[in-house]
Amino acid sequence: MKSAGRREISDVCIVGAGLTGGLMAYELARRGMKVVVLEAGPRYSLQKRFAYMEDIVRGRIPGPAFGSNLPARDVYSTAGEVEYPVNALRAKAVGGSTLHWGGQIWRFLESDFRLKSLYGIADDWPIGYDELEPYYTKAERALGVAGAADSPFASWRSADYPLPPFPFSVADRLFQEGCRKLGIVVHTVPGARNSVPYQNRPACAAFATCTNHRVCPIAAQYTAETHIDLAEATGNARVVADANVVRLLTDSQKRITGAVYMDHGKKEAEQKARMFVLAAHTVETARLLLLSESSQFPHGLANGSGMVGKNFMERPSVGVVGVHKQNVFPHRIGFPTAATLQFCNPRNRHELAGMKLAFHTLNSPTPYGISAASGNWGKALADEVRQSFGHRISVEAAIEQLPDPGNTVTLDPVLRDHFGDPAPRITYSFGAYEKASLDVGIELGRKILTAVGVEKIEHEVEHGFPGHPMGTCRMGDDPNTSVVDRNLQAHEVPNLSIVGGSVFVTGGSLQPSLTMAALAIRAAEYIVGRRLT
Amino acid sequence: MMISRRSFLLTAAAVSAAAAGAYVARPHLVKLIRLELDVAYPRGVLADTEMRSIIALGETLAPPEFVPPDNFFQEHVDAVTQSQPGLLREYRRAAALLNTKAAKAYGKDALFQDLAPAERDKVLETALWRYDASDRILRKLEKLAVSRDALALRIYVIGPLIEHYYRSPYGWAVVGYESYPGRPPLDPRAYTKPLGNTDGAL
């Protein structure tokens, strides 16, 4: 039974309060549109963030930070050759996955938008880097990106980064020297964290908890809570947490009329709006469209092309871990300060994926990590901790995965979630292109570690995922092969826009967050423009 | 159905071997089953004498140059025995085991907390094995070789006390860190230099 609830019709209803949902909410609300944001997860208190960090760091509550508050809601199944761990890589809450992200935020390369034209593989995007560049600049300013234009492999930019970069750590200077011997250029890493105070948030104080413990206690690292708060401050936006959207309702004109949502107690309500924006994560956006089937949309909403849920992509990565004779003093900063884009656009990209190399000490064991595995105590244990601590370094290669219609998000025929709806099923495999490229990544990692001077290669990490799901609602000019157009409006549903990684045509080898943010700001301007006309 | 003499003998041998294996493994299986926490046991705090034994254990686990004050372990133990079902019973068993072993080694009136550090060390060695993190085989063998209460001491008491210690300022001090994850340095750019070296040279 639907609750009486609040029955106002908003201008825009946004599903999801993460990176793109937060930006959309602010961009629309500040221009006078009435916005309601429906977020499935809870709203964590920023005022309690420091205490939360303490609990995580001291092991008083189990990690990962911002894990699911309703596991029965977040069930999923997997199929295919590779198991994709959805829940470990997302946060369902106001702020979305920016609550626990690493904060690295890169522009895509110009070539990333033109794989078909340049290399004869995959597809081109309907828009290019030049068209998106002004929005990259806007997104960098909105999020507060600290960086330097010191990579010779990056694409052109019309403005400097808004904040100065973080200098190299001790370990990253070692990497820089080792890579120089191999002709590899190492440069700084742009991050959505304040190197100096910016937009009422303090500078990073080096709590060193952002990547390993996934929480910044002082909000020096950007989270989408910033733009949610800004949106609310306009007086035009309202956020409803614990609002799990289960269906989108449509009328005879193929327009969405309402979003039906439930709280964790299964109390149902409906939010009406003139326009709807899906910003609900690559998996959940596709799932919600598939769940919203009707007589007019028998295969799922906006799915006349059959492309909803298709071409699921990630940035699979491999790693090589070595032991260096020198103490590199890890865990004094919470993020990597150096990387290289030198291999992001190889000349033979038709057969070898672009790959971004990152350098890490964050996986170097901590004193308690070493002690937990030991059977010693007292002085013997302290000696063992001292001897083992601080010497482990690694190279990570994250590659571009090509879109494959066989990699999908579908509705599981058996498994049901907390609300009785089919759970998402992720069918996922690597193709020959990805497998060969991951092997090259391992080889490169070994070469670099050797050049850096490690005493031994300790082990290799076969594959991992940084948590950047993309695809499932790709954009394109042809309604037969895509779900949304170049402005991110659904081809078949005139009042539906989709933002987030789901609209990506190809994935690139760089973190997708800035491209998601730039596209969201651009889509917001389009929605405002439509309203004015 | 007819079976051959050979099949019969092979089957009989396999059944006998399985039965013998189960008989040999039985004490270990029973031990592992009994290792489960008794969650019905009431929560609460240790008696003073028990707590003194556990604090003495904590001091034995820490390196002599970085022994924390008494309340460091006491506050932690009070918190977990009051909040986590079954742990109070395991801490009581741990104190009892340590004192039993102490009495066996140093006379019936000896209490673990009254022993000298080297003597406490020896008492612990009568209950548990020592091995480095790289000794995975020894870690597995210890589970089969030691008593139920000694294994519980390792898993429910020593492991968490060591974790509590090495997550704390005392544990980070062991590797020379005054600031560490959750406790930032005065200079946010300190990470660019090696510790103990102010000129930034590697």
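Entry 1. I looked up the polar contacts between chain B and chain A and found 22 residue pairs, both residues at pLDDT 80 or more. A polar contact is a pair of N or O atoms within 3.5 Å; within protein, one must be able to donate a hydrogen and the other to accept it, and residues adjacent in sequence count only if both atoms are side-chain atoms.

Entry 2. I note that this is a predicted model, in which local features need pLDDT of at least 70 and side-chain atom pairs count only at pLDDT 80 or more, while totals for chains, interfaces and linings use all residues. Residues are numbered from 1 along each chain as its sequence is written, chains are lettered from A in the order in which they are written, and side-chain values use heavy atoms, with hydrogens and water left out.

Entry 3. I found 43 residues of chain B in contact (heavy atoms within 4.5 Å) with 48 residues of chain A. The two chains bury about 3900 Å² between them, 59% of it on carbon and sulfur atoms; this is the accessible area (1.4 Å probe) lost on being put together, summed over both.

Entry 4. I counted two salt bridges between chain B and chain A, the term meaning a side-chain nitrogen of Lys or Arg within 4 Å of a carboxyl oxygen of Asp or Glu. I looked up the salt bridge of B:Glu65 with A:Arg386, at 2.6 Å, N to O.
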